[in-house]
Amino acid sequence: MSNSINHFVCIHGHFYQPPRENAWMEVIEVQDSAHPYHDWNERITSECYEPNATSRILDEQQVIRNITNNYSKISFNFGPTLLSWMEVNAKETYDAILEADKTSIKRFGGHGSAIAQVFNHMIMPLANARDKETQIVWGIRDFEMRFGRKPEGMWLAETAVDTDSLEVLAKHNIKFTLLAPRQAKAIRKAGDTEWQEVNERTLNTRHPYRCHLPSGNSIDLFFYDGDISQSIAFNGLLNDGRRFAETLLGAIDTQHTGEQLVHVATDGETYGHHHKYGDMALAYCLDFIEKKESVTLTNYGQFLYLFPPTEEVQIIENSSWSCVHGVERWRNDCGCHTGGHTDWNQKWRKPLREALDWLRDATLEVFEKEAVQILNDPWRARLDYVSVVLKRNDHTVKNFLRTHALENVQPTKVLYLMEMERNAMLMYTSCGWFFDEVSGIETTQILQYACRVIQLANQLHKSNWEEEFLKRLEAVPSNLSQFGNAAKVYEKSVMPSLVNLKRVGMHFAMSSIFEEEPETLTIFNYAVASESIIKKAAGEQKLAVGMITVRSQVTLSERKFAFAVIYLGKHNLIGNISINMESDDFAGMQFRMVKAFEESRLGDVIGTMQMYFGPEKYTIWQLFSDEKRKILEFISQERMAELESSLRKSYNSDYPLITALANNGLPIPNTYRTTFEYVLNADLIKNFTSEKINIKELERISSELEHWNLKIEDPDKLSRLAGESIWRELKRINSEHDNIKRLSRLNRLFPLLEKFNLDPNLHKSQNLYFEMSKERHHQPTQEWHDQFALLGMNLGVKVS
């Protein structure tokens with residue numbers, strides 16, 4: 001870096017999603033509001049997180065001229081709970097984020113662009129002292145595990161700040177955090193005694209400030225440019241990457257000769273999810289600024305190292321970036337809302353927080369009473385429990401117990417305590433209060449965590465926790481008449497999600513009917529050990545009888561169950577389960593049921609189930625959401641296969657007749673048109689889902705659709721399948737460098753896609769093509785080179 005350059009630009013993205021996992025299974029169940037994606041994490045990853053790792057820079061013809069990782073050039077934080085999901089469900093993007101931090105260390109003088117975040121986005125000024133420290137320690141530990149270094153900075157949820165939170169950050173060696181300009185109260189030069197009051201208009205945001213704390217520690221604060229950040233998020237600045245860059249450059253004070261930093265901060269989801277192609281505007285902006293010799297891209301760690309603060313600042317206590325009333329959005333009906341329902345209010349916020357505060361404090365008494373009897377240092381153990389949360393396996397659990405538990409202590413009890421405390425923090429995730437209605441998915445989510453806290457507390461100390469909690473929720477009003485209050489929300493939306501060992505056992509039992517090897521089934525974060533499973537089938541009717549042990553991998557609690565399930569066809573599934581059935585009784589029941597089933601005495605099968613298990617039954621509707629859909633889809637696919645077979649017979653046998661009708665100008669019956677259309681669409685799906693693309697078959701289908709004037713039934717689905725098929729084919733080409741026939745065949749696909757009027761997602765294929773163009777390991781023939789260049793044109797990628 002040239003010493004003469006003292007103008008810097010930094011763009012910060014706060015990438016975060018609230019934890020959405022079922023509080024018991026710790027996986028995200030299907031969210032229909034995110035359709036066509038499984039859930040909102042998956043959707044926003046596709047729209048934002050992945051595109052920013054492989055963002056496009058276009059030329060004047062709107063053809064891709066470069067693909068770049070935006071994260072390596074900006075400052076960013078990712079929520080720990082989001083990264084834990086991405087590590088499993090979006091591994092390529094997760095790895096690209098970690099790699100971007102390593103790249104930024106080289107780019108920015110040894111200072112990585114990633115900063116940490118408080119663990120589950122709790123509003124820190126409203127947290128008690130223990131939770132403040134745990135949130136910060138867990139956030140640091142999560143960061144260290146993922147990024148392999150200590151964080152220099154930390155993001156506070158909603159930039160909500162108070163002095164106590166800054167004290168804890170400083171105590172744990174966090175050097176800086178980011179705040180909104182309206183969160184500064186007063187400033188002065190170092191060494192001066194008089195404070196000068198400031199506001200968001202008079203504060204100079206182009207350099208950092210030092211905040212001295214009552215303890216004698218200090219922390220540095222960056223206040224981002226509020227106007228430009230607002231324009232990025234809400235006023236259309238991302239519609240033009242060049243204008244975005246010029247706006248940042250235009251904010252440099254040319255009358256000031258000293259160093260200055262123009263910096264902005266927004267939700268990271270702004271770049272792609274809130275604003276389509278926002279990632280590309282960001283990529284263009286960064287590329288444009290990089291080419292300017294008079295200004296340098298930087299991150300906060302590097303700028304702070306080069307230019308330590310020369311001014312001091314006082315903060316406005318209990319302030320935030322997303323509530324002009326301070327932190328009232330998370331405890332009062334302050335008037336802040338997301339809009340769209342002018343007749344709604346948020347009077348539910350205060351009593352909801354009070355109900356959760358009561359639950360936290362009541363169960364905290366249980367923690368303090370029980371923990372001192374089984375742990376060396378309960379609060380130190382709670383801080384260290386993050387080692388289990390981050391990597392839950394036998395080794396980390398045993399190591400945690402060995403370090404913190406007293407001798408001869410039941411492991412399950414320790415884990416009940418720790419999980420109770422973890423869920424008691426999760427129930428304060430900020431999004432639970434951010435939106436407009438108490439029955440929304442974000443608030444329902446935190447009520448799930450509350451339900452889990454109650455369940456765990458009851459394992460430790462039986463009490464009327466839930467009854468008292470529901471009374472308090474009755475005072476939490478809903479804007480929707482079908483709920484009335486949060487107690488009804490809890491009963492209708494939370495209780496059906498509750499999971500215990502018995503429900504997991506029944507889920508396993510019913511799923512086993514459709515699995516070839518049910519002994520290998522795992523049910524989310526529960527382990528199932530099969531002692532005995534017998535399966536029988538007679539046509540479409542099926543029977544499964546077994547003995548299993550279900551064990552929670554979180555708390556290590558376990559129960560043994562006997563089960564019996566009978567499938568009568570279609571969606572008719574009946575199951576029973578019993579706790580701790582004696583072995584002799586189980587053997588007798590199993591013998592009688594199998595014998596009756598083999599002799600087609602279904603009435604006796606059901607009668608035997610009732611005799612051994614009682615009247616309580618489970619049906620397919622009690623299955624967990626995803627598995628229920630999976631089984632219903634399996635059943636419907638069987639039926640659809642039968643229907644397709646029937647229609648295909650008609651298509652094949654009656655094709656000459658329909659041709660004759662057409663050749664003689666006679667109208668074709670609509671039934672035949674529907675049959676032809678269904679069969680040809682099925683052929684398209686089959687072609688795009690097979691291992692290899694059959695171009696001749698696609699040409700036949702195209703010709704038939706055109707000949708009979710038929711249409712594509714589900715263009716969105718077929719576009720998706722076509723995109724996946726292109727990706728598979730390109731991977732084969734990459735592994736067979738000199739296979740020109742495969743390359744030529746893929747190029748022949750694109751004119752057909754135009755005929756089908758399909759618009760496949762080519763993002764992954766474009767990424768791979770770009771990599772292939774940079775890493776050729778062979779000398780291509782001219783013909784190969786020409787076909788490869790043509791493929792680039794088809795994919796919309798331009799390379800040298």
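User: How many bridges join strand E1 to strand E12?
Analyst: In this predicted model, strand E1 covers residues 7-15 and strand E12 covers residues 260-267. The two strands run parallel, and Cys 10 stands opposite His 263 in E12. The number of bridges that join E1 to E12 is eight.

User: Which residue of strand E4 stands opposite His 12?
Analyst: Strand E1 is also joined to strand E13 (residues 296-297) by two bridges, with Phe 8 opposite Thr 296. To strand E4 (residues 75-78), E1 is joined in parallel by four bridges. In that pairing, the residue that stands opposite His 12 is Ser 75.

User: How many of the residues of E1 are buried?
Analyst: Both faces of E1 are covered, with His 7, Val 9, Ile 11, Gly 13 and Phe 15 buried on one side. Of the nine residues in E1, the number buried is nine.

User: What is the relative accessible area of Ala 184?
Analyst: Ala 184 lies in strand E8 (residues 184-189), and the residues it touches include Val 198, Leu 203, Phe 223 and Ile 316. Buried means under 20% relative accessible area. Ala 184 is buried, because its relative accessible area is 1%.

User: Why do the buried residues of helix H17 line one face of the helix?
Analyst: In H17 (residues 465-473), the buried residues are Trp 465, Phe 469, Leu 470 and Leu 473. They line one face because, seen down the axis of H17, they fall within an arc of 120 degrees.

User: How far from Asp 436 is the nearest side chain of opposite charge?
Analyst: Asp 436 is found in the loop between helix H15 (431-434) and helix H16, and it is buried yet has no salt bridge. A polar atom of the Asp 436 side chain does lie 3.3 Å from the backbone nitrogen of Gly 339. A salt bridge needs a side-chain nitrogen of Lys or Arg within 4 Å of a carboxyl oxygen of Asp or Glu.

User: Which strands stand at the edges of the open sheet of five strands?
Analyst: The order of this sheet is E15-E16-E17-E18-E19, with antiparallel pairing. Each edge strand has a single partner strand, so one side of each is left without a neighbour in the sheet. The strands at the edges are E15 (526-538) and E19 (618-619).

Notes: Residues numbered from 1 in each chain as written. Predicted model: local features only at pLDDT ≥ 70, side-chain atom pairs only at ≥ 80, totals over all residues. Heavy atoms only, no water. Buried < 20%, exposed > 50% of the residue type's maximum accessible area, 1.4 Å probe, protein only. Arc of directions from axis to C-beta. Lys, Arg positive; Asp, Glu negative; His and termini not counted. Polar contact = N/O pair within 3.5 Å; in protein donor to acceptor, adjacent residues only side chain to side chain. Pairing = 2+ DSSP bridges. Contact = heavy atoms within 4.5 Å. Lists of a residue's contacts leave out its neighbours within four places in sequence.
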